[in-house]
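Student: Could we go through this model together, so that I learn how to read its domains, helices and interfaces?

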Amino acid sequence: MANRFFVSPSPHVHGEMSTVRIMSDVIIALLPALVVSIRVFGWGALLVTAVSVVSCVLFEFLIQKFIVRGPLTVNNLSAAVTGMLLAFNLPVNIPLWIVVIGALFAIGVVKMPFGGIGKNLFNPAIAGRVFLLIAYPVQMTSFPSPTIEGYVDAYSGATPLAAAKAGAVDFSNYDVPGMLAGAIPGSFGEIATLALLLGGAYLLIRRVITWHIPVAVLGTMAVFAVIVSLCRCEGYAMLYQYPLFHLLAGGAVLGAVYMATDYTTSPMTHAGMLIYGVGIGAITMLIRLWGQYPEGMSFAILIMNSVVPLINKYVKPSRFGAR
Amino acid sequence: MMRTFPIGGVHPSDNKKWSSNSAIEQMDLPDVVNVPLSQHIGAPATPKVAKGDKVRVGDLIAEATGFMSANIHAPVSGTVTAVDMQPNGQGLRQMMITIRREGDEWAEGIDRSDTIVENCELTSREIIDRIKAAGIVGMGGATFPTHVKLSIPDGKHAEALIINGVECEPYLTSDYRTMLERGRELIIGTKILMRAVNVGKAYIGVESNKPDAIKHLRSLLDGTEGISVVKLKTKYPQGGEKQLIAAVLGLRVPPPPALPIDVGAVVCNASTAVAVYEAVQKNKPLVERVVTVTGKHMREPKNLLARFGTPVEALVAKCGGLPEGDVRVLNGGPMMGRPLVNLGMPVMKGCSGIVVMSGADALRGRESACIKCAKCVEACPMGLEPYLLSKLSRRKDWESVERGDVVSCIECGSCQYTCPANIPLLDYIRLGKQTVMGIIRTRNAKK
Amino acid sequence: MNTLVFTILTLCVLGVVSALVLYWVAQKFKVEEDPRVDDVEKMLPGANCGGCGFAGCRAFASAMVSSDDISDLYCAVGGADCMKRIADYLGKAAPVKEPLVATVRCGGTCEKRPRTNSYVGASSCAVVSSLYVGETGCAYGCLGYGDCVAACAFDAIRINPETGIAEVDADKCTACGACVKACPKGVIELRKKWPKNRAIYVSCVSRDKGPVVMKACKAGCIGCGKCAKVCEFGAITIENNLAYIDPFKCRLCRKCVNECPTGAIKLVGLAPLPKKTAEPAAAAAPKPAAEKPAAPAANKAAVSAEPETAEKK
């Protein structure tokens, strides 16, 4: 018999999940938003994304090749996802060298020193973005107006949240369809809310993410906004207009669906995910309403990232049959 | 609304199509059989025959050693040629009785006719004694002696009987064919088991991917008091004892050392129920069973009724032989089955199937870094944290492994099945469980 | 100016207050401990290998300090010198022990013990041994997945990629016994360490009967007993089809080596005795000639080591 016998412990079959499949699903889910961004801001969006992805992949490759000397993991696409998410958090007219520095920080400082994929404490893309925001505040906050027909430049390049911070927004009179479609200034990946939600649905269907974190983040933000609105006694209409504004403006959806759900930096149990999501939602709203910055999603995610090991330690899944 | 267990679970492709339509076929009698003395959980049986003895089919050749053990009967008639150590399917040597077959002569008092005997007026004690005498063990693969399971300890009492016709393991179809072809016997067996544990309610749990079995059993049951067929969602491990109880009765068995009887449930496999019928009504000891021989590249997958001791090699040959190239041959299903190092292994009481994985399926994917995706936590039907248990086990931090409730693990393999990084989670968790259980045993012994 | 003064003042007050709190806490929760424990711990090698049976070097040190009779306590890593120093410091009698070395008793190399199947799964001897016989037909021998390597704190053991068997570097080995505990097959034994790392041992632990051993491995002990018959010191016993050479009775005379039909008795650091049976001269001749000077020396070493052993017993 020419058979070669293989022996292994059970189980002897494996599902179709793989790291590469998960990462490529995330990339696929981000594509509709990229298409909208290109339509709204022009080819610059694609250029920034390409530069970011290429530099993230390149830095990871170089670090593994020459510094850490571990097995190469760039082919699992995780660096590409980091690159894409980092780019989505940048204004479209950002100088490309800044993008490269952001990628270097994300990969070289936040991801690889901790041991690479699966071991980093903070979300590399967000940490990269926050680093750039602090290092290059001017370039990072000058958002160009969309170059799309029909866009009314009401806020002269200020994002809706920045305008709201300045007290220049009439919440009852903003353009909801325009915000859904992405016709607002902002980081080029965060504006296309509808496309991002579409990608989110794809991720849910493919079982890449679960509903817990996005729903907890967005739900908390909405509830927070309703309570604030109630306290301010602004009338019934504001009870839905104000939360809706906060969900559509800024990076709420991008953060809740794509950034907060990053596997490595989010909790392992459903209960933990809910705690984590509520924390992100609440901190985001606190920063947005009373903080220095108009947008707080990135900071909220980073802060909650640091709590994740604690959550994992104390929030355990409910054991079967345990009382 | 289909019922299912509350947490975790995975959906492997069931791959039952290859053998589900082939009717049970009688396997040719082998010329020589090796009958292991340990075909069940508990102490190996004590041999009652010596070299040179003549035996008939159904003669007791090895007797249960103590309560937690099971009788073993001659599966063929002929001469005992050796009582010796022989390699088993894992290549390890264990005691086996070797019999050279001469004809097919059965012991007296065994009713081999097809007539169905409906009525049973025996008491609980008498039924359990007959089951014990016949050497019946759980035939789903766990091989827990059935008389032990049916002997309900003082102070506890059974509320309901559940017949496990789930067969959630992919590939396997032996229980399915048994339910279709031996449905009436199965139902009588169920009634006998109800008498044995003194309950008025019985449920036959079947997964939704076997609609004809559900239909068939329901039509046979038509109007029978107390027994109902429960359609369960197709989800692995629906047939796990604790999962099945949760799905059917909505009760959760507490963590070990608690047993199903603590929530008033007794679970028996469907094939076991048929064996119980044969033992109690026809006086036939357990000498044969249905074995599914299947695999993606097997030429003729079949469900074979084989005598114990028949070498797996003969079964595989009957089904067209092994496919060329790389193979991984399993005793049992692909989720929990044990691998074989050669085809010399004899068919045993718990051998529900021989699955041949071939080509690329014989190998495993390459392990990569854990990405903390939490899919293993989501998939665990026992609410454990496989990623953590596996990591701690690898570090030999047995205290933390124990604190992580590793003893609750049912080794279903859902975590490893779902892991995108191909980490051998269960390999290490099983090691941790074995070590921790050893530590607990020594600790209890010291007390 | 005011701001500066206030800042400095506040910080100073804060500093003083915290210092007081810390001092109070330190006093309140002070653990009385014999200062000698610290000194003894410093004298120990600090490997925390657990070879002594204690949780770590500190636990061992406090046991040494607290017990009156330390003859049962021994740090194999530190060795006789270290124990002597500590005993002198503590004013107690130094525990003495024969120097030992971990020995891998398996000769089933890839050629001698052919692979019958391929294992794919967690790379761990413990996992494999609880699953099945292993990649070869031998249920007793070295599996080669390196649980011992992972257990060794001194980098003294490795899996030889050519033989697939664990190998001990006798110079690095401290006889802490971690590998002995880690090996699920019980292949590794701590044996007496002879000068110049010389050794004679049965390189097999198979308790299977002869024919079964022969089928699985060409280098296994078949329990024939020829070695026991030639041993003049009663060092060799046969139990469960397996020969065992007691390292404390053996005097390295090497007679048994030539008797073994399968070559299961391994000889290290010594030239074998010339064989009586006619051997192809070309292969055998140059070797003894080259190593001959070593042989008498070895005998002397064996003899000189012997009284020591006797004294201790």
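**Reading domains, helix packing and a chain interface**

Tutor: In this predicted model, the C-alpha centres of domain 1 and domain 2 of chain B lie 28 Å apart. The domain assignment places domain 1 of chain B at residues 137–282 and domain 2 of chain B at 375–445.

Student: How many residues does each domain of chain B bring to the contact?

Tutor: Domain 1 of chain B gives seven residues and domain 2 of chain B likewise gives seven residues. On the side of domain 1 of chain B that touches domain 2 of chain B, the residues divide into four nonpolar, two polar and one charged.

Student: Turning to helices, at what angle do H2 and H4 of chain C pack?

Tutor: Helix H2 (residues 35–43) of chain C packs against helix H4 (residues 79–90) of chain C at about 160°, and their axes are 10 Å apart. Angles over 145 degrees count as roughly antiparallel, and H2(C) and H4(C) are therefore roughly antiparallel to each other. Their crossing is right-handed.

Student: Which residues of H2(C) and H4(C) meet?

Tutor: From H2(C), Arg36(C), Asp39(C), Val40(C) and Met43(C) meet Cys82(C), Arg85(C), Ile86(C), Tyr89(C) and Leu90(C) of H4(C). By class, the residues of this contact divide into six nonpolar, no polar and three charged.

Student: And between chains, how is an interface described?

Tutor: The size of an interface is often given as the accessible area lost when the parts come together. Here the description is by residues in contact: 14 residues of chain C contact 13 residues of chain B. The side of chain C that touches chain B comprises eight nonpolar and six polar residues, with no charged ones.

How values were computed
Residues numbered from 1 in each chain as written. Chains lettered and ligands numbered in written order. Predicted model: local features only at pLDDT ≥ 70, side-chain atom pairs only at ≥ 80, totals over all residues. Contact = placed C-beta atoms within 7 Å. Nonpolar A, V, L, I, M, F, W, Y, C, P; charged D, E, K, R; others polar. Domains from an automatic or database assignment. Axes fitted to C-alpha atoms, helices over the stretch in contact; angles between N-to-C directions. Helix = DSSP H or I, 4+ residues; strand = E, 2+ residues; numbered from the N terminus. Parallel < 35°, antiparallel > 145°, perpendicular 65-115°, else oblique. Left-handed = near helix turned anticlockwise from the far one by under 90°.
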